[in-house]
Amino acid sequence: MVSPSHNSMLFFLFFTANLWVCFVPSTAELQRFEHPVKADGSLSFLVVGDWGRKGLYNQSLVATQMGVVGEKLDIDFVISTGDNFYENGLTGVSDPAFNESFINMYTASSLQKQWYTVLGNHDYSGDVEAQLSPILTKMDHRWLCLRSFIVNDVDSALRDSTAKWKIVVGHHTIKSAGQHGITIELEEQLLPILQANNIDLYVNGHDHCLEHISSTDSQIQFLTSGGGSKAWGGDIREWNTEELKLYYDGQGFMSMQITQTHVDIVFYDVFGNVLHKWGISKGHDAAEL
């Protein structure tokens, strides 16, 4: 059992013939959402976290560049890694912050796709039921938000999956050189499950930075996309330089393109400049681009 403050919500992207987006509810049965792939069998999406500040702290600039990149890549959906509304979540389903920080912020045509949304610790500081409410989805069809507390379902779902690519998304860091660093509960309780089930990527927010750690003691790539608005300039912990492929203490976001044989990730800053590229092929050695 992982507490909500340290494992707000996890979902898995199982890349098989179709993309399965599986949210882990607090029941024994996983809910599954099938997302169709493109005609060539590929998928592309953006990842942004720690964003909801009514346009402040460069949120609006990040949103603009997400729209540009989203159009270029013809994205299929967007993932939010949590802390969707600062400082204390939403006060209710009628909170104007939903419009100010989401509906009226991510207005580009390329971003009018499904948003699969993780809950962060700041979201739990407010009326978390509001973000889970279907009322918000009626207000904006893009919004989809569920939550989880149970780890055992994660193990069984990953173990039973025949997906070629297994990507786990949560809010809190497992490995990070940022302010929050290593989340001990996740390192002790979740990481062994991810390692045992050959997870490819763990994607998170929480630390207000863009980061890629390629761990020397795990096959998993740890990717932080928490630069959706306010960043923590200069806030970096000492980390093994062999593992730390990227640490950027400014605003930005990440893209991911997936095919049956390859995954490519790119990190962008607030101006749309490429900060870091990395790719991996199944059956071949990983290659940093």
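Modeller: This is a predicted model. Start with burial: a residue is called buried when its relative accessible area is under 20%, exposed when over 50%, and partly exposed in between. By that reading, arginine 142 and aspartate 140 are both buried.

Colleague: Which kind of contact do the side chains of arginine 142 and aspartate 140 make?

Modeller: A salt bridge pairs a side-chain nitrogen of Lys or Arg with a carboxyl oxygen of Asp or Glu, within 4 Å. Arginine 142 and aspartate 140 make such a bridge, with an N to O distance of 2.9 Å.

Colleague: How many salt bridges does this rule give?

Modeller: The count is 6. One of the salt bridges joins arginine 159 to aspartate 155, with the closest N and O atoms 3.2 Å apart. Both residues sit in helix α6 (residues 152-160), and because they are 4 residues apart there, about one helical turn separates them. Aspartate 155 has a relative accessible area of 25%, so it is partly exposed.

Colleague: What does the salt bridge between lysine 282 and aspartate 200 tie together?

Modeller: The N to O distance in that bridge is 2.7 Å. Lysine 282 is in the segment after β15 (274-281), while aspartate 200 is in the loop between α8 (191-196) and β9 (201-204), so the bridge links parts that are 82 residues apart in sequence. Lysine 282 is partly exposed at 31% relative accessibility, whereas aspartate 200, at 13%, is buried.

Colleague: Now the cores. Why look for nonpolar side chains together?

Modeller: In soluble globular proteins, nonpolar side chains tend to be buried together. Here the largest nonpolar core has 31 residues, and Met66, Phe102 and Tyr106 have the most contacts inside it. Elements giving this core two or more residues include α1 (59-73), α2 (97-103) and β14 (262-269). The largest share, 5 residues, comes from α1.

Colleague: Which residues does phenylalanine 102 touch, leaving out those up to four places away in sequence?

Modeller: Phenylalanine 102 touches Trp51, Phe85, Ala97, Trp115, Asp140, Arg142 and Trp143. Two of these, Asp140 and Arg142, are the salt-bridge partners discussed above.

Colleague: How many disulfides does a search of the whole structure find?

Modeller: A disulfide needs two cysteine sulfur atoms within 2.5 Å. The search finds 0. As for burial, cysteine 145 is buried at 3% relative accessibility, and cysteine 209 is buried at 1%.

Conventions:
Residues numbered from 1 in each chain as written. Predicted model: local features only at pLDDT ≥ 70, side-chain atom pairs only at ≥ 80, totals over all residues. Heavy atoms only, no water. Buried < 20%, exposed > 50% of the residue type's maximum accessible area, 1.4 Å probe, protein only. Core = buried A, V, L, I, M, F, W, Y, C linked by side-chain atoms within 4.5 Å. Contact = heavy atoms within 4.5 Å.
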